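Hello,

I am passing a structure on to you, and you will find it just below.

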Amino acid sequence: DPILPNILVYDKGAWVLHMLRMYIGDDAFFTFFRDYAESPALAMGSVTTPDMIAAAELASGKNLAPFFEPWLSTDLAPALQVRTDINKADGGTGPGPYARVEISQVQDPLFTMAVPVRLHTACGIVDETIIIENQQTVWHWTASCTIDSISIDPEGLALFQLGAPPAAALKVEG
């Protein structure tokens, strides 16, 4: 048994920033970080979580409350169930080979996040990102050549677990 059974609590701050980067993209993320660090109103002083969220929203042009709420207010990580379907040939009835990915969140609260997906095709590897903002997200991709397989988060870049929901969330106060 580990000495610290919930090590995620200690790593979660870094994970939240990493997941934010995946969700808003590199350009917005690094603009946020630069502007946050260089802001005369924020530098060399005390800042609050709402200050940080406001800076991220300004850089991304997005309302990030749905993103930050579960990441910052619980000790959970998302629990996902994934189903994939590949039609390797259209049989003359459709636009061509396609992939379908269905991702369901099985915990409460729901998380907003980005999940990398890799399609292995006869023409090469295609990397995509699925944005998850609901309990269930369905994504379709039509290819010009045969799709051999689909890998979800092949490089282990996203924070989530596959399968059953975790124990009930511990609400973080403050």
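Two strands are taken as paired when DSSP finds at least two bridges between them. Please keep in mind that this is a predicted model.

With that rule in hand, let's begin with the sheets. Four strands make an open sheet in the order S5-S2-S1-S7, and the pairing there is mixed. Strand S5 (136-142) and strand S7 (161-162) are at the edges with a single partner strand each, so one side of each has no neighbour in the sheet. Further in, strand S1 (residues 79-87) and strand S2 (residues 98-105) run antiparallel and are joined by eight bridges.

Now to the aromatic rings. Rings of Phe, Tyr and Trp pair if their centres lie within 6.5 Å, and planes under 30 degrees apart count as stacked. This rule gives nine aromatic pairs. In one of them, the ring centres of Tyr23 and Phe67 are 5.6 Å apart and the planes are at 10°, so the pair is stacked. Tyr23 belongs to helix H1 (residues 8-24) and Phe67 to helix H4 (residues 65-73), so the pair ties together parts that are 44 residues apart in sequence. Tyr23 is buried at a relative accessible area of 8%, and Phe67 is buried too, at 0%.

Another pair, Phe29 with Phe32, is edge-to-face, with 6.1 Å from centre to centre and 65° between the planes. These two sit three residues apart in helix H2 (residues 26-38), which separates them by about one helical turn. Phe29 counts as buried at 6% relative accessibility, as does Phe32 at 1%.

Finally, back to Tyr23: together with Phe67, Phe68, Trp71 and Phe111, Tyr23 forms one aromatic cluster. Lys62 lies over the face of Tyr23, 4.3 Å from the ring centre.

Terms used: Residues numbered from 1 in each chain as written. Predicted model: local features only at pLDDT ≥ 70, side-chain atom pairs only at ≥ 80, totals over all residues. Heavy atoms only, no water. Phe/Tyr/Trp six-rings, centres within 6.5 Å; stacked < 30°, edge-to-face > 60°. Buried < 20%, exposed > 50% of the residue type's maximum accessible area, 1.4 Å probe, protein only. Lys NZ or Arg CZ within 6 Å of the ring centre and 35° of its normal.
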